[in-house]
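Subject: Model for your review

Dear colleague,

I am passing on the model we spoke about, and below it you will find notes on what came out of the analysis. Please read them alongside the coordinates.

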Amino acid sequence: GTSAVWAAQRVPDHHISAVANSFVIREIDTKSNDFMYSSNIFKVAQRAGFWHPSKGKLDFLPTFAPMRAHSIYSTRRVWRIFSLAAPSVKLPGHTDAFGNDYPFSVPVDKPLTESDLMRYNRDHYEGSEFDMTKGVAGGPFGDPARFDVYPTDGMNMKEALSGSYERAISMFRTSYSFVACARKNLESDLLSMLWFGQYEPSASSYVPVYVNGNPAPALTRGNLFKFNDRIPYWNYLVVGNYASRFYTFTIGDIRSLQ
């Protein structure tokens, strides 16, 4: 059989948290109302040899998260979101495998708008020390795309994984992204909506999709394996494909249209 293990932590108002292919919930306080967890969470951890009560509180992240070959794949994006939303906190860009320098959430420096969150989705660390449009890897025109390594030409996987690139928030292999807008004090979900974007956020536009309405037909059609210029995804992909080859010259026009 299988055992289901999950946990959730409540966040205070005006805070932001970031989850980037790794858990961010840490020590579980059984006496706090800020946590919900399955009834078997401690039993499963003990049975698997991941944790014992003698170790103190169960730390959800190192107990249940697999160790990544390159932890910055996750931790760097968490740092980036925190640094954009709360630069005054001044968190370090370099941390250990579990991001022990980072809190679960940080208070934002100012209220965030939908446009702020769209901008975060489109980010490649521009302007930071990890800017993916800079350096040899970006080529002569600052292409921020980085492709996954694969053992070839006699390389084994260990050798292939001995180095790494930054993992951007905006990625060319993105199918879709969205910004969800909750509506306060409404008796119905009539105006609840998503700002929905297909393909890589930096190359796409966000359109409003109301939860209680019928989405545009073009957003409900399409195939990832067959080009169709009547589908927004494929048009954004074409833009991203050509524009990234000359990124420093094209991104300004793209942003003005967005």
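What volume does the second largest pocket have? The second largest pocket has a volume of about 460 Å³, where a volume is the space filled by probe spheres set on grid points that are joined across faces, edges and corners. Before the rest, please note that this is a predicted model, in which local features need pLDDT of at least 70 and side-chain atom pairs count only at pLDDT 80 or more, whereas totals for chains, interfaces and linings use all residues. Residues are numbered from 1 along each chain as its sequence is written, and side-chain values use heavy atoms, with hydrogens and water left out.

Pockets

On a 1 Å grid over the protein atoms alone, a pocket is an open set of points with protein on both sides within 12 Å along at least five of seven lines, a cavity is a set of points where a 1.4 Å probe fits but cannot get out, and lining residues have an atom within 4 Å of a point. The second largest pocket is lined by 20 residues, and those nearest its centre are His70, Tyr73, Asp148, Ser164 and Tyr165. Its lining divides into 11 nonpolar, three polar and six charged residues, with Ala, Val, Leu, Ile, Met, Phe, Trp, Tyr, Cys and Pro counted as nonpolar, Asp, Glu, Lys and Arg as charged, and the others, Gly among them, as polar.

The largest pocket holds about 630 Å³ of space, and of the 24 residues that line it, Val19, Ile81, Asn121, Ile169 and Phe178 are the closest to its centre. H3, H4 and E5 are the elements that give two or more residues to this lining (helices, H or I of at least four residues, and strands, E of at least two, are DSSP runs numbered from the N terminus). E5 gives the most, with five residues, and the lining as a whole divides into 14 nonpolar, seven polar and three charged residues.

Sheet

E5 also belongs to an open sheet of three strands, in the order E5-E6-E7 and with antiparallel pairing, where two strands pair if DSSP finds at least two bridges between them. E5 and E7 stand at the edges with a single partner strand each, so one side of each is left without a neighbour in the sheet. Six bridges join E5 (residues 176-181) to E6 (residues 193-198), and in this pair Ala180 stands opposite Leu194. Four bridges join E6 to E7 (residues 207-210), with Met193 opposite Tyr210 and Phe196 having Val207 as its bridge partner.

Cavities

The count comes to three cavities of 30 Å³ or more. The largest cavity contains about 170 Å³ of space, and of its 16 lining residues the closest to its centre are Phe23, Val24, Leu61, Phe98 and Gly99. Helix H3 (residues 72-85) supplies the largest share of that lining, four residues, and the lining divides into 11 nonpolar, four polar and one charged. The second largest cavity, of about 60 Å³, has a lining that includes Leu61, Arg68, Ser74 and Phe98, and this lining divides into six nonpolar, three polar and one charged.

Best regards
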